[in-house]
Amino acid sequence: YSGDNDDNIEEIKTVEFAIDKTPPTTVYELNGENGQDNIYPGPVTLNLIANDNENGSGIDKVWYRINQNQWQEYTQEVAFDNEGSFIVEFYARDVAGNEETTQSVSFVIDTGPPEVVVTYDPQTQELNFTGVDASQTNVDIIYKDEHNQQITITEAVGNYLILTLKT
């Protein structure tokens, strides 16, 4: 409050304020069909959810970048449609200027079936099969019958290739 030389005194005024020294936190959600170990057989959407502490100043902005490219302001969920490996980094800043430590999430979109490399060993006179996948996911080879006439090559998200040998 204040007063003057004529003893005029104003009402007492109170101002409340909080000091926000705590950075916000961000969590992510990956949404896509049948994602196992962050490997998806089709499109994926990424949702970032930032929260400030209970008495914080509020979220100012959330930033993200994909595969080391330029930082972008996050305003809505991000859609990924193309096959490939992705690393998304993100962080939030609150109105007081506190920034959280950069976090990241990685995932793979693998839409195609695996391939097989067939080699012939002239010493053993046997065919050898190796599973290969463009997205570098794990590939399993399963022999379907006792004569090794049908071979199934599968990968983590369920894409598969059946190879039938005829003599």
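Biologist: What makes the contact between the side chains of Arg-93 and Glu-99 a salt bridge?

Modeller: Happy to explain, keeping in mind that this is a predicted model. The nitrogen and oxygen of Arg-93 and Glu-99 are 3.5 Å apart. The cut-off is within 4 Å, for a nitrogen of Lys or Arg and a carboxyl oxygen of Asp or Glu, so the pair qualifies.

Biologist: Why is Glu-99 called partly exposed?

Modeller: Its relative accessibility is 43%. Buried means under 20% and exposed over 50%, so a value in between is called partly exposed.

Biologist: And why is Lys-13 called exposed?

Modeller: Lys-13 has a relative accessible area of 63%, and the label exposed applies over 50%. Its side chain meets that of Glu-10 in a salt bridge, at 3.6 Å from N to O.

Biologist: What does Asp-60 form with Arg-93?

Modeller: A salt bridge, with the closest N and O atoms 3.2 Å apart. Asp-60 lies in strand E4 and Arg-93 in strand E7, so this pair ties together parts that are 33 residues apart in sequence. Salt bridges with shared partners join Asp-60, Arg-93 and Glu-99 into one network.

Biologist: Now the sheet with the order E1-E3-E6. Why do strands E1 and E6 stand at the edges?

Modeller: The sheet is open, with three strands and antiparallel pairing. E1 and E6 each have a single partner strand, so one side of each is left without a neighbour in the sheet.

Biologist: How do you know that E3 and E6 pair?

Modeller: Three bridges join them, and pairing requires at least two, so they count as paired.

Terms used. Residues numbered from 1 in each chain as written. Predicted model: local features only at pLDDT ≥ 70, side-chain atom pairs only at ≥ 80, totals over all residues. Heavy atoms only, no water. Helix = DSSP H or I, 4+ residues; strand = E, 2+ residues; numbered from the N terminus. Buried < 20%, exposed > 50% of the residue type's maximum accessible area, 1.4 Å probe, protein only.
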